[in-house]
Each structure stands twice: as structure tokens, then as C-alpha cells.
Amino acid sequence: MESQNNIPDYSLPEDRVPLFEAEHLGREEKAALKAEIAGLLKARGATLIAHYYVDGDVQDLAEETGGTVADSLEMARFGRDQGGDTLVVAGVRFMGETAKILSPEKRVVMPTLEAECSLDLGCPPDEFQAFCEANPDRTVVVYANTSARVKAMSDWVVTSSVALPIVESLDAKGEKILWAPDKHLGHYIQVQTGADMLLWSGACVVHEEFKSKALFDLKAVYPDAGVLVHPESPAAVIDIADAVGSTSQILKAAETLPHETFIVATDRGLFHKLRQRNPGKRFIEAPTAGDGAMCRSCAHCPWMAMNELTALADMLRSDALFAANEVLVDPQIGERAMIPLNRMLAFQA
Ligand code: SF4
């Protein structure tokens, strides 16, 4: 699709957000599958907790069946506080692990255990341990997008919703920080707080692809648009933003800023909620193509995309899959990782 000045229009029609689930199911088939999943959740006494980046129908199902759709901080809190004994986490593996760490007595299952995260994968525990040991004078702050073992080595776990105030408070106490794994988020916090931060060099495969030059060009086509950016994006993209924040903070900015049109630099899964909450507003994907790109990568996490309705239904139908897809965390590691996680939850409370 081309717009004015031959610059591509990145806005997505309703039925293409996100791309995956709508490809093979008709409206009636999908409705029937959702009803079946709702029944299976009830039969298994399970609560569905979904991230904003997963399939829009899975997000809706979570809300319709008494679960929630949220950012990773609120997913963790909701999982801990809700009363049932089985959680179905639609997200990526570290989210399932976090739910298990905070609720060791609950059964936590996922539509697939293969849903990884490039930040988690890019921070192997043994290498991270050596990094910590080489810098023993620093307070270890890790992003939630890490394995249970890495969390267990940390003093603080943070999500993008609370990273800034937590680092601010540590800096005010004169603490030097070792930060992992996202270098872009770490750099953003370093610039905002002036804290002494030593950064691990990880990145999100989705957010790292947003390009500032193409974003400038798109902004010229839509001069009245507000630009909303997740801080896992490169600094040059963040510099163009009207608002920088986590998924929940982007949602809030879209509701409160006066713009009618927004260019959004985060995973396209969030467009489902952005549109639901702001029916009169227009949301356009931030471009992921640079000048030299041969093709444009899509702004959708391949691992989040694995959380489809069909994968969820298959897992809930089959006792064998339901057992195989249980998230397990070594109890000793879980106990140690619970300390920095609870510190974060208490800070935010
Ligand atoms: S979008 Fe990026 S940070 Fe989020 S799960 Fe995917 S790879 Fe990880």
C-alpha cells in the first residue's frame, strides 16, 4: 500500500492485527474454537494470562474468561494474586517462569514451551555469572526478560514499566549498577538517570529493527502524528518519540495525548489493544526498513506469534500436552529468584 509521496503506508487493517491467527480460520470457526477453549479452561480450573503482544483473540479470551491481558509486570502480579491453582501463560518462556517463581504452588502451563526471547537467549547464565563476578562492587539489576537462573543472580528484577524509578532510587543511594541484558533500554535509563551503569550487550530482535531515518520520512508524511516508542528501540528512534514507555505506558499515552494519529514503535500485537481502547484514532506501524534493506522485517515477535488459538486449544485438549507444557523451575533457583522479583513488586506497590 502506498500513501502520499510514495512512502509506504504501514497502517494495518483490522483483520491483519496480528497477522498470524487470521490466516487460516474463518469467523465462525474462530468463534467456535474460542468457545471450546473457554470451556476447556473452565474444565481444567485454569486462568489465562496473556501478554499484549500475543494474538488478539487470545487477548480477548483471557479477558472474557476472567483472566487478564497485561504487560509482564502486571502478568506477574496477577498470576501471584489470583486464587486458582492453574495458570495458562500466553507469552514467552520467561513470563511462564516468572509466574512459576512467584507462585511455586501453582501449576503453570504454556501453549508452547518453545516461545523464547532474544534477550533471554542472549544472556547465558554462565557468561552472566562471570560478568557479575568480574564486577562485584555493582548492584545487579536485570530485566524481566531473562532466565530464572539469571534472575537468581540478581539484586533487582525490573520490567520496562518500573526500570526507570528503580534505577533512579538506587542511583540516589550512590549504588553503581550492572545492567542486563537489553543495551538499548539500559542506555535509555542511563541517559535519563545519569546513573553509573555497566551494560550487557543484548537486544530485542523486534525493537532493534526500527529505523530512525525511515521514521523521520514517515513523520514527514504524517506531521500531526504522535510517535510512541518502546525503550527497547535504538536511541535514534527514541529521540524522535513524543512518549517513551512500556506497553502499558504506550497504551496510556495513546489515550491521553491529544493526537488523532500515532506512529507506534513496538510489536504489532499491541495494536489490538490500542485500537480497542481508541476507536476513533489511527495507529501506524513504525518502519523497520533502513535505506539499504532488501526486505522489510515485520514488527512482530516470532515467539509471541506461537501463542495462537490453535496451539492453546491443542494444549488444553490433550492431557499429555497439558503435562508436557508445564513450566518447571528448580525450587532452589526459584526461591533465590523470588527475592529480587518480590523486591520489584514491593517497590511498585
Ligand atoms: S518482542 Fe523482543 S523482548 Fe519481547 S519477547 Fe519478543 S524478542 Fe523478547
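1. The axes of helix 1 and helix 14 come within 10 Å and cross at roughly 35 degrees, the axes being lines fitted to C-alpha atoms, for helices over the stretch in contact, with angles running from 0 to 180 degrees between N-to-C directions. Their crossing is left-handed, a term used if the near helix is turned anticlockwise from the far one by less than a right angle, with right-handed used if clockwise. Helices (H or I, at least four residues) and strands (E, at least two) are DSSP runs, numbered from the N terminus.

2. In this pairing, Lys 30, Leu 33, Lys 34, Glu 36, Ile 37, Leu 40 and Leu 41 of helix 1 meet Leu 309, Leu 312, Ala 313, Leu 316 and Arg 317 of helix 14, contact meaning C-beta atoms, placed from the backbone, within 7 Å. By class, the contact has eight nonpolar, no polar and four charged residues, where Ala, Val, Leu, Ile, Met, Phe, Trp, Tyr, Cys and Pro count as nonpolar, Asp, Glu, Lys and Arg as charged, and the others, Gly among them, as polar.

3. The model is predicted, so that local features need pLDDT of at least 70 and side-chain atom pairs count only at pLDDT 80 or more, whereas totals for chains, interfaces and linings use all residues. Residues are numbered from 1 along each chain as its sequence is written.

4. Helix 8 (residues 163-172) packs against helix 9 (residues 183-193) at an angle of about 50 degrees, with the axes 10 Å apart, and the two are therefore oblique to each other (angles under 35 degrees count as roughly parallel, over 145 as roughly antiparallel, 65 to 115 as roughly perpendicular and the rest as oblique). The crossing is right-handed. Ala 163, Leu 164, Val 167, Glu 168 and Asp 171 of helix 8 make the contact with Leu 185, Ile 189, Gln 192 and Thr 193 of helix 9.

5. In helix 4 (residues 93-102), 10 of the 10 residues are buried, so this helix is largely enclosed by the rest of the structure; a residue is buried if 20 or more other C-beta atoms lie within 10 Å of its own, exposed if 12 or fewer, and partly exposed in between, with C-beta atoms placed from the backbone.

6. In helix 2 (residues 56-64), the buried residues are Gly 56, Asp 57, Val 58, Gln 59, Leu 61 and Ala 62, and their cover includes helix 1 and helix 14. Gly 66, which follows helix 2, has a positive phi near 90 degrees.

7. The ligand is surrounded by 14 residues, the closest being Cys 117, Ser 118, Cys 204, Val 206 and Cys 301, where a residue is near if its C-beta atom, placed from the backbone, lies within 6 Å. The shell divides into 10 nonpolar, two polar and two charged residues.

Terms used: Contact = placed C-beta atoms within 7 Å.
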